[in-house]
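Work through the exercises below with the structure in view. Each task is followed by a solution in steps.

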Amino acid sequence: MGQRSDCDGLVVLLGAGPGPATWLTLAGAKWLSRAEVVIYDRLVRPEVLALAGPAVEKIYVGKTPGGAGPDQRWINDLLIRRARAGQQVVRLKGGDPLVFGRGGEEAEALAEAGVPYRIVPGITAALAAAACAGIPLTDRRYASTLALVTGRQDPTRDEEAVNWQALAGIDTVVFYMGVSNLPEITRRLIEAGRDPQTPAAVVALAGTPRQRTVTAPLAELPAAARRAGIAPPALTIVGEVVCLREKLAWFEHLPLFGQTVIITRPAHQSAELAAPLRELGAEVIEAPAIEIRPLEDFAAVDEALRRLKEFDWVVFTSANGVEAFAARCRHLGLDGRALGAARVAAVGPATVKALAGCFISPDVVPEKFTTQALGQAMKSAGELAGTRILLARSDLATQPLRQLLAEAGAEVQDVAFYRTARAAQLPEEALAALGEKRVDWITFTSSSAVDNFLALLAAGAGKAAPGLQGVHLAAIGPVTAETLRRHGLTAAAVADEHTAAGLVEAILRAVRPAGTSDRQDQRE
Ligand code: SAH
């Protein structure tokens, strides 16, 4: 039925998984990238929505845990209307669309209306909890049967939705939407014959860096969850398999689990830092303090590029510099050969990588990735007196490198190839996390990120700006650490190797000896 096509549009009922975009299927990412409108629910994370691109219309139709929100019929009509208007509609739901997600009702409405649809599964919360709390839902030794159960009664149905007698005979039982009903759920299960000592767990925010797990015998679980302050979204797992968690828990033991880290570098560069931090278990909030922008006036750049052959050295102190250099060369119809015999110096691995993208391998890369070390390395590579050097840098570049080269007798031309501008504001998510005192680390990969982040923080969305008490600051190198010092702040971690990887390493070093408990489990 769903495929009869009297309509150009299409609705994709799509499961977003339990939260982080990394849990989305490849099919899900593909449909999101093609969407013209995304109609989404409450538990969908911004980073998943972002895969649809900034220009795509996004309509929020979430319901609160109490069920308040747009009427289901209104949502069905919206899907039908948009598809009939010829749009590619993604109906995005947390977890899986067909597990307590009303995907079935929506598909039925589309089928009846003759609107084509697809259904793309997502990782349902029970599977995320199983994997990330270390609780296999089935296991040859303990559990051959599994039930997924709603912990909330449908108020419009008179008869009992859950057959408790039958449930008491199922080995593993997972309750969705049951946090507030937990006392009732455990009482009914025990009355139906389940042993009060059965191992049980509540897993909140499963599969996310803020996951929390509480384990207790069934009869004691409600009190244990209340004491731990567990709040939705959470689910309850009842069964012998919960015991396996003792051996199998791994997610909460990741070295940066429980740490919230803000990244302040420009959006197009934050992945290099965000990905390894997330793999180590951290919650990462991207809050770019600066944006890299093209110049308004290219006269100086064009002049330098046309005379490129006259330089003995071209020096790059950032990947951004390389990219801006290459883009302008392309604009002027120049290619790599325009460099002629000039030697090329690069400050560190990210710059080297950007150069490699232009088929250029630098002649000099210092052992320590600072501009100071770069100047020294160039000096060691040969006599600089009388040479002509082009520094392809940002409008905010500092003076020491220029000075060092000039003192060595070189004729230095320092040309800004791109602008560093302050971001318009910090994202609400970052300000909220700071306000709630949830932030453990802020990383700075340049002095301009420090200056601009602090200025944006002071502007703090017009409200009382959140402070930085209790927040650890991490700097990519001594220059950035010194900038922090000038603001009266101390870096708790400074990278030895001045790269994203070095910065992650420095945070790890600072976190580990602090003796943060390896075991986050709150066993009762
Ligand atoms: N379609 C979703 C379920 C929606 S019902 C899915 O397949 O996962 C909402 C309930 O799902 C919540 O009340 C909670 O019980 C559960 N849930 C959703 N995300 C969760 C998460 N990350 N951790 C634990 N439970 C979650």
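## Exercise 1: The chain as a whole

The protein chain holds 19 helices and 21 strands. The model is a predicted one.

Task: State what span the C-alpha trace has along its principal axes, what percentage of the residues count as buried, and which domains are assigned.

Solution.
1. The C-alpha trace of the protein chain spans about 90 × 60 × 50 Å along its principal axes.
2. The protein chain has 524 residues, and 51% of them count as buried.
3. The domain assignment lists domain 1 (10-123), domain 2 (127-253), domain 3 (260-289 + 424-514) and domain 4 (293-422).
4. Note that domain 3 is written as two segments, 260-289 and 424-514.
5. Taken over C-alpha atoms, the centres of domain 2 and domain 4 are separated by 60 Å.

## Exercise 2: The ligand and its shell

Task: Find which residues come nearest to the ligand, and which domains supply the shell around the ligand.

Solution.
1. There are 17 residues around the ligand, and V99, T124, M177, A206 and A234 come nearest.
2. Sorted by class, the shell has 13 nonpolar, three polar and one charged residues.
3. Domain 1 (10-123) and domain 2 (127-253) each give at least three residues to the shell around the ligand.
4. Next, look at polar atoms. An oxygen atom of the ligand lies 2.8 Å from a polar backbone atom of D96.
5. An oxygen atom of the ligand is also 2.9 Å from a polar backbone atom of A125.
6. For L205, a polar backbone atom is 3.4 Å from a nitrogen atom of the ligand.
7. On its own the ligand has 540 Å² of accessible area, and the protein covers 90% of that area.

## Exercise 3: Backbone angles

Task: Locate two residues with a positive phi that are not glycines, R102 and L205, and say where the cis peptide bond at P233 is placed.

Solution.
1. Start from the background: most residues other than glycine have a negative phi, and most peptide bonds are trans.
2. R102 is not a glycine, yet has a positive phi of about 60 degrees.
3. R102 sits in the loop between β4 and α4 (103-113).
4. R102 counts as partly exposed because its relative accessibility is 40%, which falls between the limits of 20% and 50%.
5. L205, also not a glycine, has a positive phi of about 50 degrees.
6. The loop between β8 (199-204) and β9 (212-217) contains L205.
7. With a relative accessible area of 31%, L205 is partly exposed.
8. The cis peptide bond joins P232 and P233, with omega about 0 degrees.
9. P233 is in the loop between α8 (221-227) and β10 (234-238).

## Exercise 4: The largest nonpolar core

Task: Name the residues that touch the most other members of the largest nonpolar core, and the element that gives the largest share of this core.

Solution.
1. The largest nonpolar core has 27 residues, of which I262, L434, I442, F444 and F453 touch the most other members.
2. Two or more residues of this core come from each of α16 (428-435), β18 (441-444), α17 (447-459), β19 (472-475) and α18 (478-486).
3. The largest share, six residues, is that of α17.

## Exercise 5: Buried or partly exposed?

Task: Decide whether Q269, L508 and G86 are buried or partly exposed, and place each one.

Solution.
1. The cut-off needed here is that buried means under 20% relative accessible area.
2. Q269 lies in the loop between β11 (260-263) and α10 (271-279). Its relative accessibility is 16%, so Q269 counts as buried.
3. The side chain of Q269 also makes a polar contact of 3.3 Å with the side chain of N320.
4. L508 belongs to helix α19 (residues 500-511). L508 is buried because its relative accessible area is 8%.
5. L508 and P255 are 253 residues apart in sequence, while their C-alpha atoms are 7.3 Å apart in space.
6. G86 is in the loop between α3 (72-84) and β4 (88-93). At 28% relative accessibility, G86 counts as partly exposed.
7. G86 and P54 are 32 residues apart in sequence, with 20 Å between their C-alpha atoms.

Key: Residues numbered from 1 in each chain as written. Predicted model: local features only at pLDDT ≥ 70, side-chain atom pairs only at ≥ 80, totals over all residues. Heavy atoms only, no water. Near = heavy atom within 4 Å. Polar contact = N/O pair within 3.5 Å; in protein donor to acceptor, adjacent residues only side chain to side chain. Areas by Shrake-Rupley, 256 points an atom, 1.4 Å probe, with all protein chains shown as cover. Nonpolar A, V, L, I, M, F, W, Y, C, P; charged D, E, K, R; others polar. Domains from an automatic or database assignment. Core = buried A, V, L, I, M, F, W, Y, C linked by side-chain atoms within 4.5 Å. Buried < 20%, exposed > 50% of the residue type's maximum accessible area, 1.4 Å probe, protein only. Helix = DSSP H or I, 4+ residues; strand = E, 2+ residues; numbered from the N terminus.
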